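I opened my notebook to look up the charged side-chain contacts in this structure. My entries follow.

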Amino acid sequence: MSIRLSQTAHAQQFLEEVSGNLNDAGNPRAKALIYRILRDTVNIIEDLEVTPQEFWKAVNYLNELGKNQEAGLLVAGLGLEHYLDLLMDEADKEAGKTGGTPRTIEGPLYVAGAPLCKYEARLDDGLDPGVPLFMRGQVRNIQGKPVAGAVVDVWQANTGGTYSWFDDTQSAFNLRRRIETDAQGNYRFRSIVPSGYGCPPNGPTQQLLDQLGRHGQRPAHIHFFISAPGHRHLTTQINLSGDPYLHDDFAYATRDELIAEIRFSEDQDLAREFGVQGRFAQIDFDFELQPAVVALEQTRMERVRALEE
Ligand code: MBD
Ligand code: FE
């Protein structure tokens with residue numbers, strides 16, 4: 001009973017016209033992409049007998065997604081950002097680019113231009129009564145040699161699971177810093193233990209996840225860009241051990257090599273050395289960078305980001 005037009009000469013000519021394939025202006029890549037998207041869209045409409053009501057609901061959904069600035073969140077939740085990682089992993093494997101700390105998704109919440117510090121930093125502004133966290137590690141190359149002067153660009157959520165800039169109740173660049181490694185390749189910072197992230201409960205991403213019978217939660221995690229001259233830029237995260245969502249991340253970012261052991265302690269002698277009282281936590285985590293084969297590999301993937309020049 002389903003009505004099909006997409007295979008007719010008239011429909012095909014129509015899609016060529018709409019995509020600009022019959023003119024000499026514009027951008028050939030854009031035309032190729034739009035042609036394919038339109039062809040696949042009409043096929044979906046015909047194959048699944050999409051009703052006009054469903055179609056207009058989808059159009060409205062895109063408007064809501066944009067209005068809420070959640071397109072980046074949705075592509076993470078639909079596993080597409082992780083899928084891009086899988087494709088890049090496969091391309092690396094074929095090119096023989098192996099070893100080092102694995103990549104995992106950036107997510108939609110990076111802000112460029114965090115304060116740059118030498119060797120150590122405090123990430124939190126002291127206003128969030130979270131458990132103090134002391135994290136340290138070394139940046140090395142894949143031969144195990146320390147990389148001095150690497151930049152560890154770190155960002156994380158607060159105890160409410162929200163990120164500064166996107167949460168205007170937090171101070172500017174709270175829980176965001178760039179830390180340069182010392183002569184031995186070491187970095188260290190004081191912060192607070194982050195909480196896991198949950199999608200805005202009334203937003204369009206969670207609304208769609210509900211339709212799929214899925215939650216929108218991420219385990220507690222800390223994001224990193226690691227970069228150094230001559231080395232390949234690394235986009236990664238650590239996921240904190242013990243989190244109930246560790247292996248149930250709605251954005252599929254967890255990788256075995258990226259699970260960081262978080263050690264909670266009540267040792268007050270050690271606490272005093274760290275300059276805190278009561279319970280605190282420690283993480284040790286090292287990063288290993290592949291060599292850059294071409295200069296472009298030293299810098300992060302181009303993407304529209306908050307405050308990026
Ligand atoms: C996050 O904090 C995040 O890292 C991702 C990938 C998606 C939503 C929120
Ligand atoms: Fe995050």
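**Entry: salt bridges**

I began in helix α5 (residues 80-94), where Glu90 and Lys93 both sit, three residues apart, about one turn of the helix. I am working from a predicted model. Glu90 and Lys93 form a salt bridge, with 3.9 Å between the closest N and O atoms. The cut-off is 4 Å, so this pair counts. I looked up accessibility next. Glu90 is partly exposed at 40% relative accessible area, whereas Lys93 is exposed at 57%.

I then turned to helix α2 (residues 28-47). Asp40 and Arg36 both lie there, four residues apart, about one turn of the helix. Their side chains meet in a salt bridge at 2.9 Å, N to O. Asp40 is partly exposed at 29%, and Arg36 is partly exposed at 46%.

Next I checked Glu297. Its salt bridge partner is Lys97, and the closest N and O atoms are 2.6 Å apart. This pair links distant parts of the chain, 200 residues apart. Glu297 is in the segment after β14 (287-289), and Lys97 is in the loop between α5 and β1 (116-118). Is Glu297 buried or exposed? I found 14% relative accessibility, and under 20% means buried, so Glu297 counts as buried. Lys97 is partly exposed at 23%. I also traced shared partners: salt bridges join Asp89, Asp92, Lys97, Arg103, Arg232, Arg255 and Glu297 into one network.

**Entry: whole structure**

I noted 25 salt bridges in the structure. The domain assignment gives domain 1 (5-50) and domain 2 (74-298). Their C-alpha centres lie 41 Å apart.

Note on methods:
Residues numbered from 1 in each chain as written. Chains lettered and ligands numbered in written order. Predicted model: local features only at pLDDT ≥ 70, side-chain atom pairs only at ≥ 80, totals over all residues. Heavy atoms only, no water. Domains from an automatic or database assignment. Helix = DSSP H or I, 4+ residues; strand = E, 2+ residues; numbered from the N terminus. Buried < 20%, exposed > 50% of the residue type's maximum accessible area, 1.4 Å probe, protein only.
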